[in-house]
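Thanks for coming. I will take one structure today and go through it chain by chain.

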Amino acid sequence: MKPAAFDYVRAESVNEVLEGLSKEGGNARVLAGGQSLMAMLNMRLAKPRLLIDIMRLKELNRIEEQAGVVTIGAGVRQAALLAWPELARTLPLLALALPWVGHVQTRSRGTICGSLAHADPSAEMPLALIALGGEVHLRNARRRRRVAASEFFLGMMATARAEDELIEAVSFPSPGGGCAFREVARRHGDFAIVACAAVATPKGVRLAVGGVADVPMARDWPRLDRSALDDALNGFAYELNARDDVHATARYRRDLVRIIGRDLVREVLQ
Amino acid sequence: MAEAAVQSASSVDQNTAEDRPWVGRSIERVEDAALLTGRGRFIDDLGTPPGTLHAAILRSPHAHADIVSVDAEAARHAPGVAAVLTGEQVKALTSSLVVGVKAPVECWPIAIERVRYVGEPVAVVIASDRARAEDAIELINVEYQPRAAVVDPLAALAADAPVLHDGFPGNLASDRSFSYGNPEQAFAEATHRFSIDIRYPRNSCTPIETYGVIATYDAAENAFDILANFQGPFSIHTVISRALKVPGNRLRLRTPPDSGGSFGVKQGIFPYIVLISAASRAVGRPVKWIEDRLEHLTASVSATNRATTLSVAVTADGKILALDWDQVEDCGAHLRAPEPATLYRMHGNLTGAYDIRHVRVRNRVVVTNKTPTGLNRGFGGPQVYFALERLVQRIAIGLRLDPLDVIKRNLVPADAFPYRTATGALLDSGNYQEAIARAVEHGQLAELRTRRDEARAQGRLYGIGFTAVVEPSVSNMGYITTVLTAAERRKAGPKNGAQATATVALDPVGGVTVHVASVPQGQGHRTVLSQVVADVFGLKPQDVRVNTEIDTAKDAWSIASGNYASRFAAAVAGTAKLAAERIAARLARVAASQLNVESADIVFAGGFVASKHNLENRVAFSRVAALCHWSPGSLPDDAGQTIRETVFWTPPELTPPDDQDRINSSLCHGFIFDFCGVEIDRTTFETRIDRYVTMHDCGTILHPGMVDGQIRGGFTQALGAALCEEYAYAADGSFLTGTLADYLLPTTTEVPEPQIIHMETPSPFTPLGAKGVGEGNCMSTPVCIANAVADALGLADVTLPLVPAKLADLVRGPEPEPPTGQSRAALTREGDRRLRGEGSASVNGAPEQVWTMLLDPQTLQAVIPGCEQVHKVSDTHFRADVTLGIGPVSGRYRADVQLFDLDPPHAVTLRGKAEGALGFGHAEGRITLEPDDRGGTRLRYSYDAAIGGKVASIGGRLLDGATRVIIGQFFAALARHAGGGAPASGFSMFALLSKLASLFGGRR
Amino acid sequence: MTRLSADGRHPVRFKLNGRPVEAEAEPRMLLSDFLRQQIGATGTHVGCEHGVCGACTVIVDGMLTRSCLTLAAQVDGCEIQTVEGLAPSPDRLGILQQAFRRNHALQCGFCTAGILMSLDHYLRRHPAPSEADIRDLLSGHLCRCTGYTPIVKAALEAAAELATTTQEKSDA
């Protein structure tokens, strides 16, 4: 269980990263915290020709708050964001969700942007991005662009990032109202069977669900009465196209979406 | 939830009173200082001989297939590669491993012509380092012809089941029936009869250190020197030497000083010892192999899964008159030694803790397309007690009795020991009634019942479970011969006993060294032996040095040597005591002559040998101990040497099976009574252990801290078996739990502290009065939790593991209907693990154009990313190499696609397969083309795919989603190309099938 | 830019438990293998190589790190702590190690090194942890022998003792 051979670049500037990506394209992989990628290399699920280590780039290791938007650079580790004193005030949803990301020992290395890049359907950071309606900042050698959360996740481990693009940062808008998060996994730290995030919106509530569909998905609802909410949740539960695996059944997932979804919606609307 | 007090965790015994024996005290472990500072010496920490090469193993992605061809040419020429061995070459260097029953069936450590389980070795690469060996593995092309697979033990018995081995009738390796007492009459006359069907799942105790072997073949002497973290039993030494075609004295098997856990599992390393030794012989160099975690989960070894029907004849007040066992044991793809031992280890104990005189048994052993089974903590106990103790609960419910009353009504009477069970076990000692009474009191059962009542009154799901079990230890090496008929046994010669060995030696300055062949894997044997021997010589434990490494070329050992069947405390520690006492007796004679007293007046205490009547009349122990080295002539004539004594001890109670098939399968029998309270979450259906009480009577306790450590460890593994752990297989034999993110071990957040209660009824059959204790909770806890969950949810049947979704399915009512216009499931995976789906796309160009494009291999290479070397076998048959990926995951595949039922330009059926390092896929699809109203084509497709191999084992969670991504990408590309107006070139049937057939997923 | 070619062996230098070490590694060599095979620091164990079991946990520049999910090349120039650096002297155990021995918080000892590193790292930063804190921290480690509770107890005892020791030092 050793990785296949690859070249390794320790980038000293973002331009070096972009140059490497534009030259090698799909054969290159950005190495940030490595908590997903390295396991895939060890299992030889991934066999890039080149790894570009971005973790020595200070300019990517920044958390900035501006006009109600928090921008987190590609080098920011999950533990660093969790320890950021402004987190609970600016992004309470992430303060709730981050402790569910892996374990202390993986959050210490893993990055926020790396988790987005990996796009595991059960991961908490993509769910938070969808729930809050954030943006992913992409950059290649020629240009920068921003992609909205709803357009970034294309499928299981598939994103809108082009092969020559680096995820430079991600930005999350601070929500105006309340938020809630809950996750069910087989054990603490496991991939979510169902993870739900609810955020109050000006007109009502947004509920986002991870772990069920191929990508985290969200629905916006106005304030609904009990039976209308149950109908909306039931519809959403079926739209997620849940499936069976060794850890849970599709029915179980739909049930959790209905029950936890209702609890969270009520919680943020109270 | 698991924050239950940890206060009861035992600490070191601080009492240093000189006159108390060391045995019975929780002294600090001598093992710990090295382990806590990173100076342990596990197999992968030890140096290797110069020139050592490293092995990697290519494993089967198929559960059942013929090997059509193995092309290893490219691998043989890869950098650093010394050799590639296939089954044929290994076969030439070895002979078949012993099969556990008499049948014309072979068992090799590598697949010969056919693979029978996912993960079975197919080729071994020997290279300069592990990474290069793995590089070369990927260059080997194996062509398989898949066969139908069977994974269910009862399905394996069906007349039309796929057959694994021609030498067994069907898949039935053994079928024996037994009758003890008069069960027919008891069943006929009983007022009540109950029956239960059990499917006990597969799991394994999965040590954190994996297998390791370093093998060196010495051509000059035709001998092997092997270092392996093998745990015994050393009866397997004979199996290995036979397979390697050398006499036993040319097979030197050594173990490293430390081993990172085993729990039975490291018995299963022996086929790899043979394989790596053969590799060393082939390359003429030492070869090292360290198993990786994926290999371990997929293909090391597993406990057996078992299908059991157990029936009982019972009186109205709950007295059990007779049992009728029908057990179908699933040993996986090969019946490796010592299987079917899992089935027979409990044969003397099929009546558990109960006084039941009439027993009927039918034992069948089947082979299926799963990893072969072997030793695992509990070894047969979990399977038996799950059936027996679930049935006791069912009797209670059926007769409206309290389950605890049914248990108590049937216990072996306290005055009946030693008690011979109907099936032959001799229960050595105990007082089960007293043990239960103490547990009920100290464990506060009454309070727990109140808790349950209160919880239920609040609408919560709360239940209580009970279990009483007898924990056998020190296996009779002859119990496995119960699988033979009496006549067959007479022909084969008797097998019985359990030789334990210990050597005590005194050095020229009076230092004491102990050596045993117990092969500890973390249990602290060295510490306990230092206590036992220190007591005999009146020394401190730190004065006694213990060596537990084994070297079969130099050390005393026998077939029963090793670490299994909880034999250390009962057998090995006692044998060390006997060896020390023999030397002490001689030293007493030496000292008596020096001190001018009788030998009987000699006492060993405080580092001196003294007269009991005058403790001042004494001589230093070291002086007496050294005398035999420096001045043997000074010893009294009758003293003999006092330098070294090796004792072999085997209990006379362990006799062979008698002609009525009664077998005393184990020497000692501890008693366990457990009860627990559990609560099930109404939303998630997670099971939370509210309280767990476990009463143990394991005879004399040698080291309380270690005994509690064994109980907690066993309890935790059992908790895993009850709640999380299963080696899951799909119906097609795909292995689904190939990582530690899929095979779920309990962690700190799931494990509560059990309340441990002790009672000590010494065994009359062992030198120290001790019995085994390490396996009991693996037998009692899974069923105790299951009984509690059944009680909480009002279920008649529960199956392990108690996966929340499974419990939810059992108790939830019908699901709310989907809103109108929405289907229940668009994409489903059926029980056969085939993935079915359908879709459609709009493509520019008339159907004729699209049709041409579909069948044009010319454009393939250009339009499919990573597509190389398209080879057109015929107009309707293509082969190609493709590299496919999703996210960072990518793999190279050899694809083969054929077209059928061509109906140009309307429809075509495709059938294809692809194989690569990440796995394989088979798919069949039907595509139809219809003109749309804009001059384009409406393309509809339906598919049916099966995916297996490594991707199913380690990426199952993501597999279906990955499929959708690839299909989506594919049609997006098609639409893009067609929309571009150029001759449509972005699509082909071939690409679709290749992609469908080449799916994979990743983790984390 | 530093580019290390796949088939070459490249020098990797870092401080291990305060002392400089150096050896060569291919880019693909994992830190766990580098420590064990190239440096000879075999106290760090390898249990799963996919980041789940925690046996290989070490500290890199103050961060808890799965050494099986880290390349040797990544830690060039870093400061690394492993189990070999925990004891105050070769013949004496540290407070945490002593608490483990006292509480029988290890049996086979294979997972122990990683657990010790997590606890050492955590207790330095959180001197008064609750049992729930310790259980959360240790949920990133798998132990198959002990059933965990003796480990939790040892950690809590060590925390209490470390707090007293620190108190004494600051008083002095």
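**Chain C, then B, then A**

Read from the N terminus, chain C has the element order β-β-β-α-β-β-β-α-α-α-α. That makes five helices and six strands. Helices (H or I, at least four residues) and strands (E, at least two) are DSSP runs, numbered from the N terminus.

Some housekeeping. This is a predicted model, in which local features need pLDDT of at least 70 and side-chain atom pairs count only at pLDDT 80 or more, while totals for chains, interfaces and linings use all residues. Residues are numbered from 1 along each chain as its sequence is written, chains are lettered from A and ligands numbered from 1 in the order in which they are written, and side-chain values use heavy atoms, with hydrogens and water left out.

Back to chain C. Its C-alpha atoms fill a box of roughly 50 × 40 × 30 Å along the principal axes.

Of the 172 residues in chain C, 66% are buried. Buried means under 20% relative accessible area, exposed over 50%, and partly exposed in between, with a 1.4 Å probe and protein chains only. The accessible surface of chain C is about 5900 Å², and carbon and sulfur atoms hold 49% of that. These areas come from the Shrake-Rupley method with a 1.4 Å probe; for residues, only the protein chains shown count as cover.

How is chain C divided into domains? There is domain 1 (10–85) and domain 2 (95–171), with bounds from an automatic or database domain assignment. The C-alpha centres of these two domains of chain C lie 22 Å apart. Across the boundary, 18 residues of domain 1 of chain C are in contact with 15 residues of domain 2 of chain C, contact meaning heavy atoms within 4.5 Å. In chain C, 53% of the contacts with a separation of 6 or more join residues 24 or more positions apart.

Now chain B, which has 25 helices and 36 strands. The C-alpha box is roughly 120 × 75 × 55 Å along the principal axes. For 1004 residues the globule rule gives a radius of gyration near 30 Å, and the 32 Å of chain B agrees with that. Of the 1004 residues in chain B, 64% are buried. In chain B, residues 24 or more positions apart account for 76% of the contacts with a separation of 6 or more.

One element of chain B in detail: is helix H4 (residues 130–137) mostly covered or uncovered? Mostly covered, as seven of its eight residues are buried. Among them are Arg130(B), Arg132(B) and Glu134(B). The buried residues of H4(B) pack against several elements of chain B, including strand S1 (53–59), helix H2 (73–76) and helix H9 (293–299).

Last, chain A. Its domain assignment gives domain 1 (7–53), domain 2 (58–173) and domain 3 (179–269). The C-alpha centres of domain 2 of chain A and domain 3 of chain A are separated by 21 Å. Their contact takes 22 residues from domain 2 of chain A and 24 residues from domain 3 of chain A.

Methods
Rg over C-alpha atoms; globule rule 2.2 N^0.38 Å.
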